[in-house]
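Keep the picture beside you, try each task yourself, and then read on.

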Amino acid sequence: METQLISSGFQYTTLPRSYIRSEPDRPKLSEVADYHNAPVIDLGFGDRKYIVQQISDACQQYGFFQIINHGVSRDIMEKMLKVSKEFFDLPIEEKMKLYSNDPSKTTRLSTSSNLQKEKIHNWRDYLRLHCYPLDKYEQEWPSNPSSFKQIVRNYCIEIRKLGLKLQEAISESLGLDKDYINNSLGLEQGQHMAINYYPKCPEPELTYGLPAHTDPNTLTILLQDMQVTGLQLLKDGKWLAVKPFPNAFVVNIGDQLQALSNSKYKSTWHRAVVNAHKPRISVATFLCPWNNAVIKAPSELIEDESKPIYKDFTYAEYYGKFWSRNLDQGHCLELFKNSREI
Ligand SMILES: O=C(O)CCC(=O)C(=O)O
């Protein structure tokens, strides 16, 4: 198998052709606005009603928000970023033991996004891990660095607690019972992680770390490198850079929550751009419905006499469709829309 990882230690001085986007498809970095108004929600603030209202506003206006005082310790966050960096700094021969392009594999190191489908590659390597139930998957994870399993295990436990709590608050913010989302996605809902590594890029104007996409899951909780920006989101037709906020996680609504909320909340287009001077790491945790969970909007969110915006579907159907396409090929939810006649 030809090595395609870009975190190989090789210092690129020009961008290889297979990563160069055509002129109209480039990130146009000088036109991207700084995201000064990122909703930052303080989960430690005592007034539950106010927090729920802020979540509702952020989910409707941005589909994105940052959270602070979220209960995950700084130590756990810092260790997670550190061990991720240590993993990607390993010699290429060691990393290649985990390399695979098969999206059905539950632990794999890969590169770009979907090598089977895409024509132009992305300047990213990533380690994808299934994380729930932990006892089932942990043994597959890297044992080098030696502290990897323990650190990632602790991180996964804390993030799951946080994610389920956020889904309760999101349920309330939709006017639903607090347990509605967690119950309808299944108590055994999945948890995956992508540890993204974007090496220094010789020509960041010509390519992406990840091109514009929406997330196919329910909720994404992103731990960002505090020193290097890269995440951008699309709001009102303009790309905004999300500046890392100290000790915050970035939370975004995935396609399943857009469907479940009958499009009241939006699964927003976002992308990652790369940097000429520094590598960047991000750790995305994806909460996903249980495979056979049926995704449908509850009657409370459907206007009288109208159909729900989306047909009922299972997460397994959705996920299969998502991976059969290229990442930036249009919103996968469009394929699940109901026709508008009643
Ligand atoms: O690296 C980032 O900031 C974005 C990551 C992301 O969008 C993803 O992993 O799906």
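Helices and strands here are DSSP runs, at least four residues long for helices and at least two for strands, and they are numbered from the N terminus. Keep in mind that you are looking at a predicted model.

**Exercise 1. Get an overview**

Count the helices and strands in the chain, and find out how compact the chain is for its length.

*Solution.* 
- Step 1: The chain holds eight helices and 15 strands.
- Step 2: For 342 residues the globule rule gives 20 Å, and the radius of gyration of the chain is 19 Å, close to that value, so the chain is as compact as a globular protein of that length.
- Step 3: Along the principal axes, the C-alpha atoms fill a box of roughly 60 × 45 × 40 Å.
- Step 4: Of the 342 residues, 42% count as buried.
- Step 5: Now look at contacts with a separation of 6 or more: residues 24 or more positions apart make up 77% of them.

**Exercise 2. Explore the core**

Which residues of the largest nonpolar core touch the most other members?

*Solution.* 
- Step 1: The core has 80 residues, and Phe65, Met80, Phe249, Val250 and Val251 are the ones that touch the most other members.
- Step 2: The element that gives the most to this core is helix H5 (residues 148–173), with seven residues.
- Step 3: Take Val250 as a case: beyond its neighbours within four places in sequence, Val250 contacts Phe64, Gln66, Leu222, Gln224, Leu231 and Val242.

**Exercise 3. Follow strand E5**

Is strand E5 (residues 125–130) mostly covered or mostly open, and which strands pair with E5?

*Solution.* 
- Step 1: Strand E5 is mostly covered, with six of its six residues buried.
- Step 2: In a regular strand, side chains alternate between the two faces of the sheet.
- Step 3: In E5, Asp125, Leu127 and Leu129 point one way, while Tyr126, Arg128 and His130 point the other way, and all are buried.
- Step 4: Strand E4 (residues 107–111) runs antiparallel to E5 and is joined to E5 by five bridges, with Thr111 as the bridge partner of Asp125.
- Step 5: E6 is also antiparallel to E5, with six bridges between them, and here Asp125 stands opposite Tyr197.

**Exercise 4. Look into a loop**

Why does Ser112 count as buried?

*Solution.* 
- Step 1: Find Ser112 in the loop between E4 and E5.
- Step 2: A residue counts as buried if 20 or more other C-beta atoms lie within 10 Å of its own.
- Step 3: Ser112 has 24 other C-beta atoms within 10 Å, and therefore it is buried.
- Step 4: Leaving out residues within four places in sequence, its contacts are Glu118, His121, Asn122 and Arg124.
- Step 5: Check the backbone too: phi of Ser112 is near 60°, a positive value in a residue other than glycine.
- Step 6: Contrast this with Lys28, in the segment before E1. Lys28 also has a positive phi, about 45°, without being a glycine, but Lys28 is exposed because it has 11 other C-beta atoms within 10 Å.

**Exercise 5. Spot the cis bonds**

*Solution.* 
- Step 1: Tyr132 and Pro133 are joined by a cis peptide bond, with omega about -5°. Pro133 sits in the loop between E5 and helix H4 (134–137).
- Step 2: The bond from Asn144 to Pro145 is cis as well, with omega near 0°, and Pro145 is in the loop between H4 and H5.

Conventions
Residues are numbered from 1 along each chain as its sequence is written. This is a predicted model: local features need pLDDT of at least 70, side-chain atom pairs count only at pLDDT 80 or more; totals for chains, interfaces and linings use all residues. A nonpolar core is a set of buried Ala, Val, Leu, Ile, Met, Phe, Trp, Tyr and Cys residues joined through C-beta atoms within 7 Å. A residue is buried if 20 or more other C-beta atoms lie within 10 Å of its own, exposed if 12 or fewer, and partly exposed in between; C-beta atoms are placed from the backbone. Two residues are in contact if their C-beta atoms, placed from the backbone, lie within 7 Å. The radius of gyration is taken over C-alpha atoms; the globule rule is 2.2 Å times the number of residues to the power 0.38. Two strands pair if DSSP finds at least two bridges between them.
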